[in-house]
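User: I have a chain open here and would like to go through it with you. Can we start with the terms?

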Amino acid sequence: MLKAVAVKIDQIYVPAARRQELDDTKQEEITKGLLNGDAPKPIRVREGKDRFVLIGGVNRLEACKALGETEIEAYIVQAQKF
């Protein structure tokens, strides 16, 4: 079972493929939810060289950034080999 940990937002790298998944409407809904006290489910990251790499949750990450958050809950997962 994965355990969520607090990760500094400025230590998360967002690959171009994840940026393409950004949906302004979805991000706005998440931002409104956060303002109403909703807790977002953790994003998924993997460990990279001196930073974390976003695997999933770009809209949640961007919503937290928009609100000036410095940390976000994340699951740290293993990189998958294909």
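Analyst: First a definition: two strands count as paired if DSSP finds at least two bridges between them. The model here is a predicted one.

User: OK, which residue stands opposite K8 in β5?

Analyst: K8 stands opposite E71 in β5. V7 also has a residue facing it in that strand, namely I72.

User: How many bridges join β1 to β5, and do they run parallel or antiparallel?

Analyst: There are four bridges between β1 and β5 (residues 71-77), and the two strands run antiparallel.

User: What holds strands of a sheet together in general?

Analyst: Strands pair through backbone hydrogen bonds, in either a parallel or an antiparallel way.

User: What is the order of the strands in the sheet?

Analyst: The order is β1-β5-β3-β4-β2, in an open sheet of five strands with mixed pairing. At the edges are β1 (5-8) and β2 (12-13), each of which pairs on one side only. Helix α3 (residues 58-66) packs on this sheet and touches β2, β3 (43-47), β4 (52-56) and β5. The direction of α3 makes about 120 degrees with that of β4.

User: Back to β3. How does it run relative to β5, and how relative to β4?

Analyst: β3 and β5 run parallel and are joined by four bridges. β3 and β4 are also joined by four bridges, but they run antiparallel.

User: Which residues face each other there?

Analyst: On the β5 side, I43 has A74 as its bridge partner, and R44 stands opposite Y75. On the β4 side, V45 stands opposite L54.

User: What about the hairpin of β3 and β4, how many residues are between the strands?

Analyst: Four residues lie between the strands of that hairpin, and D50 takes a positive phi near 65 degrees.

User: Changing topic: is Q27 buried or exposed?

Analyst: Q27 has a relative accessibility of 16%, so it counts as buried, the cut-off being under 20%. Q27 lies in helix α2 (residues 24-35).

User: Which residues is Q27 in contact with, leaving aside neighbours within four places in sequence?

Analyst: Q27 is in contact with L22, N59, E62, A63 and A66.

User: Now rings. How many aromatic pairs does the structure hold?

Analyst: The structure holds zero aromatic pairs. There is a charge over a ring, though: the charged end of R51 sits over the ring of Y13, 4.1 Å from the ring's centre.

User: Zoom out for me. How many helices and strands does the chain have?

Analyst: The secondary structure comes to three helices and five strands. Along the sequence the pattern reads β-β-α-α-β-β-α-β.

User: Why is the chain called as compact as a globular protein of that length?

Analyst: Its radius of gyration is 12 Å, and the globule rule gives 12 Å for 82 residues, so the chain is as compact as a globular protein of that length. The C-alpha trace spans about 35 × 25 × 25 Å along its principal axes.

User: And what share of the residues count as buried?

Analyst: Of the 82 residues, 33% count as buried.

User: Last one: among contacts between residues at least 6 apart in sequence, what share join residues at least 24 apart?

Analyst: That share is 77% in this chain.

Methods. Residues are numbered from 1 along each chain as its sequence is written. This is a predicted model: local features need pLDDT of at least 70, side-chain atom pairs count only at pLDDT 80 or more; totals for chains, interfaces and linings use all residues. Side-chain values use heavy atoms; hydrogens and water are left out. Buried means under 20% relative accessible area, exposed over 50%, partly exposed in between (1.4 Å probe, protein chains only). Contact means heavy atoms within 4.5 Å. Rings of Phe, Tyr and Trp (its six-membered ring) pair if their centres lie within 6.5 Å; planes under 30 degrees apart count as stacked, over 60 as edge-to-face and the rest as tilted. A charge sits over a ring if NZ of Lys or CZ of Arg is within 6 Å of the ring centre and within 35 degrees of the ring normal. Axes are lines fitted to C-alpha atoms, for helices over the stretch in contact, and angles run from 0 to 180 degrees between N-to-C directions. The radius of gyration is taken over C-alpha atoms; the globule rule is 2.2 Å times the number of residues to the power 0.38.
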